[in-house]
Amino acid sequence: MHGLVVKNTGSWYTVHTDDGRSVDCKIKGSFRLKGIRSTNPITIGDRVEIEENREGSAFITAIGDRRNYMIRRASNLSKQSHILAANIDLALLVVTIHYPQTTTTFIDRFLATAEAYGIPALLVFNKIDRYDADELEYLEGLMTLYRTIGYDCMKLCATSGEGIDALSDKISNKITLLSGHSGVGKSTIINKLLPHAKLRTKDISEYHKAGVHTTTFSEMIPLPNGGYLIDTPGIKGFGTIEMQGVEVAHYFPEIFKYSADCRFSNCTHTNEPGCAVREAVEAHYISQSRYKSYLNILEDKDGMKYREAY
C-alpha cells in the first residue's frame, strides 16, 4: 500500500493511505535513507510504501522520490541533519521583533535553505500589536529589505485575527511548512485559520506561563480551502547543512547577482581583489546584515556558528 505521512510523534508515523485509511506505522529495522545522515529518515509530506503483517502492525518499507525538502542541522548532533518536511509548496517563517526576538541570522539561514531546495518562502511578521513606534519602524525596515530582495512579506496580529484572511489566501491549495521560534505565535495562527482547533488556545496560555513548547510533534493539517499546513515544534537555531564554499552565495539572490561581476569566478567574497560583492556591500546595495549572515554560513564548517548565535 502507498500513502502520505501526515504525523510524526517520534518513533511512530501516521500514514494516510491511498484507499482512505489512517495507519500508524514504524520504520522497518533495515530501512535507511540513502545519502542523508538524518535523525529522521522519514518526514512529514513523504510518499511512502507500507506493509501490514498478520498481527496488525504496519511498517514503512520504502520512500518515494522527494521533489524538495527543508533540512537543518540536528540540534544535538552537528554531523547529522533533521528534515523538517518534504514535498512542500511554501516555507512560511513566523517572525517576531520581540517576545521572542527573531534575529536576521535566523531568518537568513531559513531563507538560504529554502533557496537551496527551490522552495518559495513567505515571512510573516506577527505580534504587531505589541510593538512600540521604534520597533514598528524596525519591522517596516526589515520588510522593505526582504521585499527588495524578492521575498514575500506580510504583517499579522494572530490574537486579533488581523491579516489572517490575507494569510489564508496565500496558503490556499498549497502544502505549507509553518516554522519559527517557540513563542512566536504559530499555534495561535493555526487556531485562527482552523476555528475548530479551539483547544490550542488553552495550550498556548498554559504553556507560555510554564515556558514549554506548545507543539511537541510534527503534523500535516488539512486546510478548509484546500491544501495542508505542516505544524512543527518551535526551533531555537537553524544550522545549515549541505552548504559549502562558493555555492553558499547562490542561496543569497542579491549576492549571487553581484558575484557575476567579480574578477574571479571562484570568489568567496571575503578578501579577494576585484570582488563586486564587497563593493556592493560598501555601497549599500547589499545590506550589512545579509552579508554578515552569508559569512556566518560560509564559516560554519562544524556547526558551531549557529549555536553561538542563539
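This is a predicted model: local features need pLDDT of at least 70, side-chain atom pairs count only at pLDDT 80 or more; totals for chains, interfaces and linings use all residues.
View 1. The peptide bond running from tyrosine 99 to proline 100 is cis, and its omega sits near 0°. Tyrosine 99 also has a positive phi, about 65°, even though it is not a glycine. For context, most residues other than glycine have a negative phi, and most peptide bonds are trans. Tyrosine 99 has a relative accessibility of 37%, so it counts as partly exposed.

**View 2. Lysine 127, in the loop between S9 and H2.** Here's another residue that is not a glycine but has a positive phi, about 65° for lysine 127. The loop holding lysine 127 runs between strand S9 (121-125) and H2. Is lysine 127 buried or exposed? Its relative accessibility is 12%, and anything under 20% goes down as buried, so lysine 127 counts as buried.

**View 3. Helix H1 packing with helix H2.** H1 covers residues 104-116 and H2 covers residues 133-149; they pack at an angle of about 25°, with axes 13 Å apart. Angles under 35 degrees count as roughly parallel, so that's the label for H1 and H2. The crossing of H1 past H2 is right-handed.

**View 4. The residues where H1 meets H2.** On the H1 side, the contact is made by Thr104, Ile107, Asp108 and Leu111. H2 brings Tyr138, Leu142 and Tyr146. By type, the contact residues split into five nonpolar, one polar and one charged.

Terms used:
Residues are numbered from 1 along each chain as its sequence is written. Side-chain values use heavy atoms; hydrogens and water are left out. Axes are lines fitted to C-alpha atoms, for helices over the stretch in contact, and angles run from 0 to 180 degrees between N-to-C directions. Helices (H or I, at least four residues) and strands (E, at least two) are DSSP runs, numbered from the N terminus. Angles under 35 degrees count as roughly parallel, over 145 as roughly antiparallel, 65 to 115 as roughly perpendicular and the rest as oblique. A crossing is left-handed if the near helix is turned anticlockwise from the far one by less than a right angle, and right-handed if clockwise. Contact means heavy atoms within 4.5 Å. Ala, Val, Leu, Ile, Met, Phe, Trp, Tyr, Cys and Pro count as nonpolar, Asp, Glu, Lys and Arg as charged, and the others, Gly among them, as polar. Buried means under 20% relative accessible area, exposed over 50%, partly exposed in between (1.4 Å probe, protein chains only).
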